[in-house]
Amino acid sequence: MIERKIIYEIDQAADAIGGYQRIDDSLDTILEPLTRNPRGFPTVECAWGSVRYARTKAVHECPPLLWYFLMDQQENVVIVHVEIDEEG
């Protein structure tokens, strides 16, 4: 099994939503699938290529979120953006 890291590059986006404390419970619901099979998540095209995303439901004080991530050359998951899921 691959030793996969989760790398967070979302400090500003997290702050805009209320900080890591507010969104951590939401992320907990997808950590295991992200480490086991990140390629199983859907992709979306963006201005600079494609990115995968995970959709989470509201948890406690956290609204539903969209987590966008890439895979690096070492097969680590790099979370590059998070935003409130207006459709969720």
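K5 lies in the segment before β1 (6-8), so let's start our tour there, with helices (H or I, at least four residues) and strands (E, at least two) taken as DSSP runs numbered from the N terminus. This is a predicted model, in which local features need pLDDT of at least 70 and side-chain atom pairs count only at pLDDT 80 or more, while totals for chains, interfaces and linings use all residues. Residues are numbered from 1 along each chain as its sequence is written, and side-chain values use heavy atoms, with hydrogens and water left out.

**Around K5**

- K5 is exposed, with a relative accessible area of 55%; here buried means under 20% relative accessible area, exposed over 50%, and partly exposed in between (1.4 Å probe, protein chains only).
- Not counting residues up to four places away in sequence, K5 touches N76 and V77, where contact means heavy atoms within 4.5 Å.
- K5 and L65 are 60 residues apart along the chain, and their C-alpha atoms are separated by 21 Å.

**The chain as a whole**

- The chain has 3 helices and 5 strands, and along the sequence they follow the pattern β-α-α-α-β-β-β-β.
- For 88 residues, a compact globule would have a radius of gyration near 12 Å, and the chain agrees with its own 12 Å.
- That radius is taken over C-alpha atoms, and the globule rule is 2.2 Å times the number of residues to the power 0.38.
- Along the principal axes, the C-alpha atoms fill a box of roughly 35 × 30 × 20 Å.
- Buried residues account for 39% of the 88 residues in the chain.
- Take the contacts between residues at least 6 apart in sequence: 49% of them join residues at least 24 apart.

**Surface and charge**

**Strand pairing**

- Strand β2 (residues 43-46) pairs with strand β3 (residues 49-56) in the antiparallel sense over 4 bridges; two strands pair if DSSP finds at least two bridges between them.
- β2 and β3 form a hairpin with 2 residues between them.
- Within this pairing, V44 stands opposite V51 in β3, and C46 has G49 in β3 as its bridge partner.
- On to the next pairing: β3 and strand β4 (residues 65-71) run antiparallel and are joined by 5 bridges.
- Here Y53 stands opposite Y68 in β4.

**Helix residues and their partners**

- D25 sits in helix α2 (residues 20-28) and counts as partly exposed, at 33% relative accessibility.
- Leaving aside its neighbours within four places in sequence, D25 is in contact with V59 and H60.
- D25 and A58 are 33 residues apart along the chain, with 9.2 Å between their C-alpha atoms.
- R36 belongs to helix α3 (residues 31-36) and counts as exposed, at 56% relative accessibility.

**Backbone angles worth a look**

- Most residues other than glycine have a negative phi, and most peptide bonds are trans.
- H60 has a positive phi of about 50° although it is not a glycine.
- H60, a contact of D25, lies in the loop between β3 and β4 and is exposed, with a relative accessible area of 71%.
- E75 is not a glycine either, and its phi is positive, near 70°.
- E75 is found in the loop between β4 and β5 (77-84), and at 23% relative accessibility E75 counts as partly exposed.
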